[in-house]
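Me: Hey, can you walk me through this one? I'd like to go piece by piece.

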Amino acid sequence: MRLLLVEDEEDIQGFLRHSLEEAGYEVDIAADAKTAESLAIENVFDILIVDLGLPDLDGISLILRLRQLGVGAPVLILSARRSVDDRVRGLEQGGDDYLTKPFALAELLARLRNLLKRNIPSAGEPTRLKVLDLELDLLRREATRSGRVLQLSPQEFVLLEYLCRNAGRVVTRSMILDHVWGMRIEPDTNVVDVHIYRLRGKVDGEGQQPLIKTLRGMGYVLKDR
Amino acid sequence: MSSKTGKPIMRSAAWRISLLATLAFACGTMLVFVFLHRFVAEDIQRRSDAWLSGEIDVLRDVAERTPKDALYGAVVGEVAELASKEVPYKIRSDDSPNDTVFFLQTGEDGAIKLWVGAGNGEVNLKAIKAAKILPDRPNDLSVSGFGIPYRVASIPVDDGSRIYLGLSERDQMRVLRNLRLRFVVMWLVLVLLVFGIVFYTTRRMLSHVRRITEAASRIGRSDLNTRVPTSKKNDEVAHLALTLNRMLDRIESSMHQLHTITDSLAHDLRSPLTAIRGKLEISLSTIQGEQTESIVSAIEELDRLTDFLNKSLDVAEAKADALRLSRSEIDLNELLLSMIALYEPSMSEKGLEIKLRSRGPLKIVADASLIHRMIANLFDNELKHLPAGSTVTINLVLKDEMAALILEDDGPGFAPGVRLHMFERRVKGKESKGHGLGLAFVEAVACAHDGEVTASNRQEGGAHIEVSLPVAPAEAIK
């Protein structure tokens, strides 16, 4: 996967390159809109990360320009502002996504994966998910662990499904809130944690290997190994 | 131009102004006409009087010169007859013996000596005697049997007899009546025309003012790009529009400046936060052992700082009426249900009970992300401050065309010191662990949506927070 990162802050460039390369992306970096434009024309990228606050041109104008030039790759917009304006909303409806700074790396990677998935025609959704001895029947909305049926509420099932789809990867609290409850909020209470504890109580029976693991400061991960 | 406001035309300012203007015009023209009419009437009378005086002199001459023989009556009668043909203002020239003019000569004894005119002259003589006609100038005389008065001149003749010449005022009255009739018709047409013109122009002008008012009221907190409509004319209304627009320019530019400041502040603070957080995360994934604890707590501190920064900027922008909203339709009922589903486990973990009493679907048009955060804030507040065993009741009702979200609990309520200032920034209870932005943020969001928040302590004990937000237009119609 080839990725173009358009970001002027060197500090952010540095750690993003590091973690993106670690995640398997081949990263090109442009520090301004001009460089980004020439790079995007000369090469074919699978995905772009564009910061809105560029020194020479604002990010939205750059994206619109690239679209005019025929660059069709999905874009993840990085914004320092929380209230997104209508132009960002427009791009979001057009298939792009945005992320507010500061962000968790896990969320950045998840959003990139989502954008790439959207661009690839899916070969039929699976009806079953399997992580180790945990199995989810998506049609019957039923979860079993080592053959034992788990008594889950519909919401807990959605939460577990989200964890399973991201098995082995970190999901943050805000990702869970966004995907399971459809809200971009940052509660300063432990609301998400309580849901996870409850789910863990049902999934990880006595004597079984704990599947749902808390990574402090980052989020949660459903172990797949 | 349409009366979209639904106000009857009769109550519009244009209607009042045109009524007043038309009334003034009608009275003015009527006054002018009255003077004109009087002038014309006097002039007509002067002319008929001049004619009467002239004719009666001629008749006297004829009467004096004509020998008093058998032909006397015929000659004088003929002259009188001729004179009647030259009556001024005579409209009809019919040959029939008319009653326009009469000639009467009385003898020394006062009896009729000679009569020319309609009838036998007895009634006329009677009327003349009764009215005591003055000799030197013509007088009005009403004769019984004739509706219209006569103008009568009299002159003594040498032989002791007296000549009376009467001219009916019918023709001059007809002239005046015609004048009046024509005036009234023309006056009515003019008055209507004036009313129409005044009404049309004032309505046009006022509709421009109304358009300005409508546009100005549409220019809300978040939409400052629009301007009120201007016209090319150089009148007061155009001036008003220009002045308003200039004022809006100034407001927009200061708003823009505020946005630039908050944006650059946000950018300048968020960029290093992003970099620090990223680096901490990378080191967290590479380092094992005891050091992770300090990194984790650093990340958590950083997230708290970010949250504080976000809320501070939101509250600052909202206080300055500068929150940028991107509105969509939200069902508050649905939102509350999923919010409760999210918070319920944490609440029951803490021994709290949460109840929803909702009127069913209730839609508002609002910025979804802000409303989500606002409700989360309210719930967080309850979760943090209520002691175990308390109950939170959430009511969703439609109140005065506003969606009212009422949170009530049976906890300790607000501390007396906090209550007065609880919507101000950095105000929090002594026990509170938050950064004191919660309710300020809630109020900021409500205000940005033209709503309001009230907070009080219930009589039974516990807090009562009420957030009201305007409902979606379709909801208000229901």
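Me: What percentage of the residues in chain B is buried?

Reply: This is a predicted model, by the way. In chain B, buried residues make up 27% of the 478 residues.

Me: And how many helices and strands does chain B have?

Reply: Chain B has 11 helices and 12 strands. Looking at contacts in chain B with a separation of 6 or more, 60% of them are between residues 24 or more positions apart.

Me: OK, the largest nonpolar core next. Which residues touch the most other members?

Reply: That would be B:Val442 and B:Val445, in a core of 81 residues. If you skip the neighbours within four places in sequence, B:Val442 is in contact with B:Met374, B:Asn377, B:Leu378, B:Val453 and B:Val467. There's another core apart from the largest one, with 31 residues, and A:Leu5, A:Ala30, A:Ala36 and B:Leu313 are among them.

Me: Now the place where the chains touch. How many residues come from chain A and how many from chain B?

Reply: Chain A gives 38 residues to the contact and chain B gives 39 residues.

Me: Which helices of chain B supply at least two residues each to that side?

Reply: They are α5 (236-286), α6 (291-319), α7 (332-349) and α8 (368-385) of chain B. The largest share of chain B's side comes from α5(B), with 14 residues.

Me: Switching topic: where is B:Lys350?

Reply: B:Lys350 sits in the loop between α7 and β7 (353-358) of chain B. Leaving out neighbours within four places in sequence, B:Lys350 is in contact with B:Leu383 and B:Ala388. Also, the C-alpha atoms of B:Lys350 and B:Ser390 are 9.5 Å apart, though the two residues are 40 residues apart along the chain.

Me: Why does B:Lys350 count as partly exposed?

Reply: Because B:Lys350 has 18 C-beta neighbours inside 10 Å, and buried would take 20 or more while exposed means 12 or fewer.

Me: What about A:Ser146, is its phi positive or negative?

Reply: Positive: phi of A:Ser146 is about 50 degrees, although this residue is not a glycine. You'll find A:Ser146 in the loop between β8 (142-145) and β9 (148-150) of chain A. A:Ser146 is exposed because it has 10 other C-beta atoms within 10 Å.

Me: And what is phi of B:Asp450 near?

Reply: Phi of B:Asp450 is near 60 degrees, again a positive value in a residue other than glycine. B:Asp450 lies in the loop between α10 (438-448) and β11 (452-457) of chain B. B:Asp450 counts as partly exposed because it has 13 C-beta neighbours inside 10 Å.

Me: Last topic, sheets. What's the strand order in the open sheet of three strands in chain A?

Reply: The order is β10-β12-β11 (chain A), and the pairing is antiparallel. β10 (170-171) and β11 (212-215) of chain A are the edge strands, so to speak: each pairs on one side only.

Me: How many bridges join β10(A) to β12 of chain A?

Reply: Two bridges join β10(A) to strand β12 (residues 219-222) of chain A. In one of these strands, β12(A), A:Val221 is the bridge partner of A:Val170.

Methods. Residues are numbered from 1 along each chain as its sequence is written. Chains are lettered from A and ligands numbered from 1 in the order in which they are written. This is a predicted model: local features need pLDDT of at least 70, side-chain atom pairs count only at pLDDT 80 or more; totals for chains, interfaces and linings use all residues. A nonpolar core is a set of buried Ala, Val, Leu, Ile, Met, Phe, Trp, Tyr and Cys residues joined through C-beta atoms within 7 Å. Two residues are in contact if their C-beta atoms, placed from the backbone, lie within 7 Å. Helices (H or I, at least four residues) and strands (E, at least two) are DSSP runs, numbered from the N terminus. Two strands pair if DSSP finds at least two bridges between them.
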